[in-house]
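Please report on the strand pairing and the chain contact in this model. Keep it brief.

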Amino acid sequence: MKRLIISILSFALIYFFHSCDQEKICQDELESYANAGFYTDKDGTLKDTTFEEFEVRGLQNPDTIPFDTLREKQSVRLRLSQGSDSCAYVFSFAVYDSIPTLDIMNGLIWGISYYILDTLKLNYTRQIYLVSPDCGFSHHFELIDLSYTNNMIQSAEIAISEIGNFNEENIKIRF
Amino acid sequence: MKRILKYVFSTLFILYIFFPVFTQEEPVKEKFRITGPRIGFDLSRLTLYYFQPERTAYEISLDYEIKRNYYPTVEFGLQDIKLEEPDYNYFSDGYYFRLGMDYNFQKNLAIDQYEMVFFGFRYGFSKQDHSAESIIIADDYWGDFYAESIPKSTFYGHWIELSAGIRAELFKNLFVGWSFRGRLLLFKSKHPSIEPYYIHGFGRGNKRVSLGFNYSLYYRLPLIKSKPKTLPVP
């Protein structure tokens, strides 16, 4: 009797945890991102670079794609559209005042004078596939080419065209 | 009286001495090896109803001992997938077969024992049609995508697999057995619109490597009875 109860409880626990994880698994599968890393090219050597105030959003979409500060390299994950073969993103780089203002509470503060904007456009292929009965359909993405404006961006290239691995860097952007 | 007793005891003594000569020894049963085609039915496919109700599959197998411990095998299966969800419909049906050989490496069995502990290899092939319609892919950033219906198209897959398992005789000519399978996809046909959800007989369509398990019931048709030249030492 004890073994029967333990067996039933084990199956119930397995089913419960499977149900809980399904939403997270579906979200990971249905949202696809191109990972873009930032670099400067000094003396012929490619080095990671960082920006203090920085924003990325999809063109014609007011929502800002979250800026990922947790990774070792400065980079951003660019969300790809399920409904089209290309996406454009606006990069906003803050330029600070040369002369700071004095704040009694916080001391010297450099305010943002203006933003420099650059646009990056990605072109890619999509192949539809069924993720699972619960998650439904999504696309496999593969980058074909990209184009960009040159206000802050010096150059950009595709490093790995196949979108999938969270840890792989798909695009290298030089400033 | 004395003479009668003498005759009785003499008779008894003679019988005692010569009795073993007159007893019948049980004749040694001659052992034969029975061979014939063995038909199997995969019972594990019946459990799909509980774990993956969208899939319906049947699989049968046929093997034959061409030489002691060597069993060429052919397996054939039918499968269909039917999914009707609020944000898509997906249908797939087709067949598959596998050709190969099992080798029983259990030695020192008597000639009339048929238990197997085996390794095997297979070549697999599948052909299936699939289609999808009414597809909606949710995208809370760029906007939901309403895909065009994907008409029915034919898809092929080729793979190789290794198997290991056991087979035991439950009753005369009735066997039961299980096996684990490791599969490697060699080739799958490319489709511009959609990748298959399942390659029938292999596994998930987006995987290169797949694992499988079979649990089957077999019946051997006892067609041939052969007497070996020498009996192996048990």
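Two strands pair if DSSP finds at least two bridges between them. Strands (E, at least two residues) are DSSP runs, numbered from the N terminus. This is a predicted model, in which local features need pLDDT of at least 70, side-chain atom pairs count only at pLDDT 80 or more, and totals for chains, interfaces and linings use all residues. Residues are numbered from 1 along each chain as its sequence is written, chains are lettered from A in the order in which they are written, and side-chain values use heavy atoms, with hydrogens and water left out.

**The barrel of chain B**

In chain B, 8 strands close into a barrel. Their order is β2-β3-β4-β5-β6-β9-β10-β14, and the pairing is antiparallel. From one strand to the next, the twist averages 25 degrees. Axes here are lines fitted to C-alpha atoms, and angles run from 0 to 180 degrees between N-to-C directions.

Two of the pairings are set out below.

| Strands | Bridges | Residues between them in the hairpin |
|---|---|---|
| β3(B), residues 55-63, and β4(B), residues 70-85 | 9 bridges | 6 residues |
| β4(B) and β5(B), residues 88-104 | 16 bridges | 2 residues |

Both rows are antiparallel: β3(B) with β4(B), and β4(B) with β5(B). B:Asp63 has B:Thr73 of β4(B) as its bridge partner. The turn between β3(B) and β4(B) holds B:Asn69, with a positive phi of about 80 degrees.

**Where chain A meets chain B**

The contact (heavy atoms within 4.5 Å) takes 27 residues from chain A and 22 residues from chain B. The buried area is about 2100 Å². Carbon and sulfur atoms give 60% of that area. Buried area is the accessible area (1.4 Å probe) that two parts lose on being put together, summed over both.

The interface has 2 salt bridges. A salt bridge needs a side-chain nitrogen of Lys or Arg within 4 Å of a carboxyl oxygen of Asp or Glu. One of them joins A:Arg79 to B:Asp139, with the closest N and O atoms 3.1 Å apart.

Which strands supply the side of chain A that touches chain B? β3 (54-58), β6 (86-96), β9 (112-132) and β10 (136-148) of chain A each supply at least two residues. β9(A) gives the most, with 7 residues.

Key:
Helices (H or I, at least four residues) and strands (E, at least two) are DSSP runs, numbered from the N terminus.
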